[in-house]
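Work through the exercises below with the coordinates open. Try each task before reading its solution.

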Amino acid sequence: MKPSDIPKFLNKQCQQHLYRSTRIAESPQQPRMQIDGKSYLSFCSNDYLGLANHPDIVKAFVDTANTMGVGSGAAHLINGHSIYHEKLEEELAAFTGRQKALLFSTGYMANLGVINAIMQRGDTIYADRLNHASLVDAGLLSQAKLHRYPHNDLARLKTSLSQQKTGDKMIACDAVFSMDGDTVDVHGLAKLAKDYQAWLMLDDAHGIGVLGKQGAGLLEEQALSQDDVPILMATLGKAIGTAGAFIAGSDDLIDYLKQTARTWIFTTAMPSAIAAATSVSLKIIQQETWRREKLQALIQQFRQGAKQLGLQLVPSYTAIQPIILGENHKALQASEALQKQGILITAIRPPTVPKNTARLRITLSVNHAERDIDYLLGALHNAIILS
Ligand SMILES: *Cc1c(COP(=O)(O)O)cnc(C)c1O
């Protein structure tokens, strides 16, 4: 792209209703948010368990910043790896029922790191077509062949696996699809991975905290061990309410990643204060099962109400409850109509989702009240049904 092409590109983005811009939040993550000087009821945060601004987690962050400072100063392999990182890695391994865990600074980097450490030119990565962008980018960077199969189509995946005769194989998949909220058939994937000797990697960014009795995610809910799913990735910035991500797996896998994962080796460790805050969050997630129960009740309330309104729902029992509207301008119009009623739900458009599936990505949090859901349903009625 030449410098003179940039204004043309920006104009085109506007014309196609694809232009993106940031809003400025003036309050913490919570249902009632102050944004760009106005007050909104927000239904677009990934803070599903209401922990991003929890006082105990904030306190752990502040206390640790007071004793350890803010910056970690170096990568994990130099001298940036503190007792707080080490403790959190042990807790994450225990929480997920894996031998070891390794912290990364973001989920994007975790996905890039693990896939590129294992897969290379001549290998094949099998990816659901609705996988998160970071899994797609990780596959492209690895130079392995990237085979994208239709959403949740395990029959197609099986055919492709059976036809691949050379190189190593990896199935890499969202556990809970980030823009649809539906889940993957993990038992089916685990069986295919065993049958065809492929690695299986699941990205549980949206299941961790929300699914499973203890909140350890889809693999806890579905009782799948490290043997069944050797590579588990999850993020800390969504339901867990802090920032960063981790990979959990066998002793050997984690040791191997420490030698080879470039997005772990060549980057500064996350601040110790984040690790300490995350440790407190993990305790709350395991102890306060009411958070998952209340969230499920709100999800059911929303789904029943939306069905009564005749809105088309996605088969999702997670906190992600999208309403697919199709063309970009429809999603934008609905989002704007909701904003006028004091509700913030951003329109999600391509390339985040496939063409003609622009949507309102509604997310629920345990901090929403029943009356918030009622108000949302009324506003959706005005914005979509009556418009
Ligand atoms: C958000 C997300 C990521 C990226 O995690 P960050 O910590 O935000 O970089 C990766 N995978 C999925 C499925 C996600 O939803």
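Predicted model: local features only at pLDDT ≥ 70, side-chain atom pairs only at ≥ 80, totals over all residues.

**Exercise 1: a serine and its partners**

Task: Which side chains make polar contacts with the side chain of Ser134?

Solution. Start with the location. Ser134 sits in helix α6, which spans residues 133-142. Its relative accessible area is 2%. With the limit for buried at under 20%, Ser134 is buried. Now search for polar partners. The side chain of His132 makes a polar contact with that of Ser134 at 2.7 Å. Finally, skip neighbours within four places in sequence and list the contacts of Ser134: Tyr108, Asn111 and Leu112.

**Exercise 2: α13 and α15**

Task: How are α13 and α15 oriented to each other?

Solution. Two values are needed: a packed helix pair is described by the angle and the distance between the axes. The axes of α13 (residues 290-309) and α15 (residues 370-385) come within 10 Å and cross at roughly 30°. Angles under 35 degrees count as roughly parallel. The two helices, α13 and α15, are therefore roughly parallel. Their crossing is right-handed. On the α13 side, the contact residues include Leu298, Phe302 and Leu309; on the α15 side, they include Ile373, Leu377 and Ile385. By class, the contact of α13 with α15 holds nine nonpolar, three polar and two charged residues.

**Exercise 3: α4 and α12**

Task: What is the handedness of the crossing of α4 and α12, and which residue classes form the contact?

Solution. Begin with the geometry. The axes of α4 (residues 83-96) and α12 (residues 272-287) come within 8 Å, with a crossing angle of roughly 30°. That makes α4 roughly parallel to α12. The crossing is left-handed. Now inspect the residues. Among those of α4 are Tyr84, Leu88 and Phe95; among those of α12 are Ala275, Leu282 and Gln286. The classes in the contact of α4 with α12 are eight nonpolar, five polar and two charged.

Definitions and conventions: Residues numbered from 1 in each chain as written. Heavy atoms only, no water. Helix = DSSP H or I, 4+ residues; strand = E, 2+ residues; numbered from the N terminus. Buried < 20%, exposed > 50% of the residue type's maximum accessible area, 1.4 Å probe, protein only. Polar contact = N/O pair within 3.5 Å; in protein donor to acceptor, adjacent residues only side chain to side chain. Contact = heavy atoms within 4.5 Å. Axes fitted to C-alpha atoms, helices over the stretch in contact; angles between N-to-C directions. Parallel < 35°, antiparallel > 145°, perpendicular 65-115°, else oblique. Left-handed = near helix turned anticlockwise from the far one by under 90°. Nonpolar A, V, L, I, M, F, W, Y, C, P; charged D, E, K, R; others polar.
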